[in-house]
Amino acid sequence: MAGTPRAGIIPVTPFQQNCTLIWSEETKVGAVVDPGGDLDRIEAAIRDQGITVEKILLTHGHIDHAGGADELRERLGVPIEGPHEADRYLLDSLPETGANYGLDGARAVTPDRWLAEGDTVTVGGLTFEILHAPGHSPGSVVFMSRDARFALVGDVVFKGSVGRTDLPGGNHEQLIRAIHEKLLPLGDDVAFIPGHGPTSTLGEERVTNPFLQG
């Protein structure tokens with residue numbers, strides 16, 4: 001069953017990261033994407049929507065996206081899928097990173113399933129294809145629903161910007177190449193939720209994003 005996707009954004013951490021609930025309207029079964037922190041707020045949103053969460057998805061290993069993942073896995077009793085294993089070093093060092101940023105309680109996390117290019121992830125009857133899109137971090141992945149023309153892109157691309165590449169493991173040329181070769185060919189009509197800021201479409205970014213011109 002394909003299902004009709006629904007999404008709700010819960011800004012978490014001082015970085016205002018777009019933790020996202022995605023679920024199937026038909027089954028009310030879903031996933032939490034990038035629970036960086038503020039887990040009580042995330043659990044309240046799950047209750048408010050009446051969703052049964054079956055897994056946690058991670059787009060990459062940075063603290064504002066993954067800092068609360070291990071504790072939420074424990075609270076909900078569900079597996080974690082993603083990111084790509086190239087971000088293992090980031091996930092292993094989350095406690096130290098959290099301390100550096102004044103974010104208490106971040107735990108190291110090992111996913112139950114690493115994701116790679118071409119893998120598929122199912123959520124409540126919805127199917128997402130995995131694109132490995134390194135550059136912001138070595139193991140960044142994008143979750144793409146071809147049926148719904150919808151993607152969860154983490155910090156790969158934003159409305160009017162792209163992911164920062166000045167953090168350890170970042171590579172600007174690699175990031176721009178991944179956007180041009182993997183994301184933009186998906187189609188102008190594809191809507192996406194980024195890790196920060198407002199939603200957009202790939203078509204709008206192809207035409208107007210200053211980092212993607214030339």
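**View 1. Overall fold of the protein chain.** Among contacts between residues at least 6 apart in sequence, 60% join residues at least 24 apart in the protein chain. The model shown is predicted. The protein chain contains seven helices and 13 strands. Its C-alpha trace spans about 45 × 45 × 25 Å along the principal axes. A compact globule with 214 residues would have a radius of gyration near 17 Å, and the 16 Å of the protein chain agrees with this.

**View 2. Surface and interior of the protein chain.** Of the 214 residues, 53% are buried. The accessible surface amounts to about 8,700 Å², and carbon and sulfur atoms account for 49% of that area.

**View 3. The open sheet of six strands.** The strands follow the order S6-S7-S8-S9-S12-S13, and their pairing is mixed. Strands S6 (120-123) and S13 (200-201) each have a single partner strand and stand at the edges, so one side of each lacks a neighbour in the sheet. Strands of a sheet pair through backbone hydrogen bonds, in either a parallel or an antiparallel sense.

**View 4. Pairing of S6 with S7.** Four bridges join S6 to strand S7 (residues 126-132) in the antiparallel sense. Thr122 lies opposite Thr127 of S7.

**View 5. The surroundings of Asn209.** Asn209 belongs to the segment that follows helix H7 (202-208). Asn209 counts as buried because its relative accessibility is 0%. The Asn209 side chain reaches the backbone oxygen of Phe158 at 3.4 Å. Apart from neighbours within four places in sequence, the residues in contact with Asn209 are Val157, Phe158, Gly160, Ser161, Val162 and Glu204.

Definitions and conventions. Residues are numbered from 1 along each chain as its sequence is written. This is a predicted model: local features need pLDDT of at least 70, side-chain atom pairs count only at pLDDT 80 or more; totals for chains, interfaces and linings use all residues. Side-chain values use heavy atoms; hydrogens and water are left out. Two strands pair if DSSP finds at least two bridges between them. Helices (H or I, at least four residues) and strands (E, at least two) are DSSP runs, numbered from the N terminus. Buried means under 20% relative accessible area, exposed over 50%, partly exposed in between (1.4 Å probe, protein chains only). A polar contact is a pair of N or O atoms within 3.5 Å; within protein, one must be able to donate a hydrogen and the other to accept it, and residues adjacent in sequence count only if both atoms are side-chain atoms. Contact means heavy atoms within 4.5 Å. The radius of gyration is taken over C-alpha atoms; the globule rule is 2.2 Å times the number of residues to the power 0.38. Accessible areas come from the Shrake-Rupley method with a 1.4 Å probe; for residues, only the protein chains shown count as cover.
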